[in-house]
Amino acid sequence: MNDADVGKQVQQMVRFILQEADEKASEITVAAEEEFNIEKLQLVESEKRRVRQDYERKEKQVDVRRKIEYSTELNAARIEVLQAQDNVVAGMKESAGEALLRVTKDANAYKKVLKGLIVQSLLRLREPSLVLRCREADRSLVEAVLEAAKKEYAEKAKVNLPKVIIDGKVYLPPQRTSRDAHGPFCSGGVVLASQDGKIVCDNTLDARLDVSFRQKLPEIRKKLFGQQMS
């Protein structure tokens, strides 16, 4: 083999090596590109999941905040409605109290009321000896009906006439005035107690009004306001 043949073979081997190198380099490039694309796709999907999760989290936060705001507004509205209803009921009670005061201005009508309250108190207590308290302004009216009230009680209870002493030292407070709107007051009526003070019957007009309102309040609310807020 001469030098020319050797040169040809060397060139063929070089071409073969270069071709293999090119093919290998191409395979490496393709593999690297595929790996890069896969990794890029994974990164994109991962970022999509992160963005989606972040969006869902924020959406839930917004939803929770909206529910809290709605609940707060609803509760505030309920409180406002209930306060308005309470104001209406309180106004009715105040009007009823003013009507009771008008009754006390009519001496004849008020004497009948006082007599009935005394009889009722005696029937509740059923004590042989009692102390009666009234407003100082009502003392003369109470004295005028006391004996008749004692007789009516004795007939109804079928007992002897009770001993009833009008307390001349401690009187019930006077009616409410604009100058003393927050002090103790009494619109009228009587308070009877056993001689030892252990059993008391508060039969003032204010106490009767309170009892009536407590008993009738559900009915009053139903008639005034109907179905409550749910």
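**Close-up 1. Ser194 sits in strand S3 (residues 189–194) of this predicted model.** Is Ser194 buried or exposed? With a relative accessible area of 3%, Ser194 is buried, because buried means under 20%. Leaving aside residues up to four places away in sequence, Ser194 touches Glu127, Ser129 and Ile199.

**Close-up 2. Strands S1 (residues 129–134) and S2 pair in the parallel sense.** Four bridges join S1 and S2.

**Close-up 3. The side chains of strand S2 (residues 163–166) alternate along its length.**

**Close-up 4. Helix H2 (residues 107–125) packs with helix H3 (residues 139–157).** A packed pair of helices is described by the angle between the axes and the distance between them. For H2 and H3 the angle is about 40 degrees, and the axes lie 8 Å apart. That angle makes H2 oblique to H3. The crossing of the two helices, H2 and H3, is right-handed.

**Close-up 5. Residues of H2 and H3 meet where the helices are in contact.** On the H2 side, the residues include Tyr110, Leu114, Ile118 and Leu122. On the H3 side, Leu141, Val145, Ala149 and Tyr153 are among them. Which classes of residue make up the contact of H2 with H3? By class, the contact has 16 nonpolar and five charged residues, with no polar ones.

Definitions and conventions
Residues are numbered from 1 along each chain as its sequence is written. This is a predicted model: local features need pLDDT of at least 70, side-chain atom pairs count only at pLDDT 80 or more; totals for chains, interfaces and linings use all residues. Side-chain values use heavy atoms; hydrogens and water are left out. Axes are lines fitted to C-alpha atoms, for helices over the stretch in contact, and angles run from 0 to 180 degrees between N-to-C directions. Angles under 35 degrees count as roughly parallel, over 145 as roughly antiparallel, 65 to 115 as roughly perpendicular and the rest as oblique. A crossing is left-handed if the near helix is turned anticlockwise from the far one by less than a right angle, and right-handed if clockwise. Contact means heavy atoms within 4.5 Å. Ala, Val, Leu, Ile, Met, Phe, Trp, Tyr, Cys and Pro count as nonpolar, Asp, Glu, Lys and Arg as charged, and the others, Gly among them, as polar. Buried means under 20% relative accessible area, exposed over 50%, partly exposed in between (1.4 Å probe, protein chains only). Two strands pair if DSSP finds at least two bridges between them.
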